[in-house]
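Dear colleague,

I am passing on the structure below, and after it I set out what came out of going through it. Please read the notes with the coordinates open beside you.

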Amino acid sequence: MKKICALIFALISTTSFAQDLECPNHLVLFKQFMQEELDLLKHGDVQQLIKYNQKYNYSSRFNRLHNDQYYVNGKWIEREVYESRLADVLDFVREGNYSVTGFKLQPIKANRLISVGEICVIPVEIQTRISGDVEFSTNDWIFVRSLKSNKWRTFTYLETVSAEDFKVFFPDFPSDIQLK
């Protein structure tokens, strides 16, 4: 009898856990996030990009811990430097030197609940054109859903992310998930 009760409890727990994972139902939303950023790069301004990043970029939740600095390519930088870099990127894109010509979400690599909420790791293949040359790159994007607000944010994993910062962002990130 105890074994039957334990089995029923395990099945109920597994089922409710699986229902808590919403990533597969939000792939269209993730594509919209990415497309909105591309549209802003083509037609937006620095302030619109800042608002976008504050709304959707997961690392922006940690700006206050670093004297309101911004996390860019593995480094915390001052707001003035951040705004200057965004302006440079916009200029580079609009001069025709750089464009994202396509992106594709690969199959979900991992989907788990951890202390920060639901994480969904998806490799994203991006096709870019830089000064006429077409290049392909693939990076893991970590989509993070707050269980309190039910809102998703994004974190692009780059090799420049320090282990220390990553541990702050994701204190109990599963060690069996290999990022690239």
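Which residue's side chain does that of Gln69 join in a polar contact, and at what distance? The partner is Glu78, and the polar contact between the two side chains is 2.7 Å, where the term stands for a pair of N or O atoms within 3.5 Å, one of which, within protein, must be able to donate a hydrogen and the other to accept it, while residues adjacent in sequence count only if both atoms are side-chain atoms.

Before going further, please keep in mind that this is a predicted model, in which local features need pLDDT of at least 70 and side-chain atom pairs count only at pLDDT 80 or more, whereas totals for chains, interfaces and linings use all residues. Residues are numbered from 1 along each chain as its sequence is written, and side-chain values use heavy atoms, with hydrogens and water left out.

To return to Gln69, this residue sits in the loop between helix H3 (46-56) and strand E1 (70-72), the elements being DSSP runs numbered from the N terminus, with helices (H or I) of at least four residues and strands (E) of at least two. Gln69 is buried, with a relative accessible area of 17%; buried means under 20%, exposed over 50% and partly exposed in between, with a 1.4 Å probe and protein chains only. Leaving aside residues up to four places away in sequence, Gln69 touches Asn63, Trp76, Ile77 and Glu78, a contact being heavy atoms within 4.5 Å. The C-alpha atoms of Gln69 and Tyr82, which are 13 residues apart along the chain, are separated by 8.4 Å.

Tyr82 brings us to helix H4 (residues 79-94), where Tyr82, Leu86, Leu90 and Val93 are buried. These four cover an arc of only 75° around the axis, which puts them on the same side of H4, the arc being that of the directions from the helix axis to the C-beta atoms. Their cover includes H2, H3, E1, strand E2 (75-77) and strand E3 (98-105). After H4 comes Gly96, with a positive phi near 85°.

In helix H2, the buried residues are Phe30, Phe33, Met34, Leu38, Leu40 and Leu41. They span an arc of only 160° around the axis, which places them on the same side of H2, while the face turned away from that buried side carries the exposed residues Val28 and His43. Among the elements covering the buried residues of H2 are H3, H4 and strand E5 (117-130).

As for the aromatic rings, those of Phe, Tyr and Trp (its six-membered ring) pair if their centres lie within 6.5 Å, and planes under 30 degrees apart count as stacked, over 60 as edge-to-face and the rest as tilted. By this rule the count comes to 22 aromatic pairs. Phe30 and Phe33 form a tilted one, at 6.4 Å centre to centre with 40° between the planes; both lie in H2 (residues 27-43), three residues apart, about one turn of the helix. Ring pairs also link a cluster that includes Tyr58, Tyr71, Trp76, Phe155 and Phe173.

For the chain as a whole, there are five helices and seven strands, which follow the pattern α-α-α-β-β-α-β-β-β-β-β-α along the sequence. Buried residues make up 37% of the 180 residues, and 58% of the contacts with a separation of 6 or more are between residues 24 or more positions apart.
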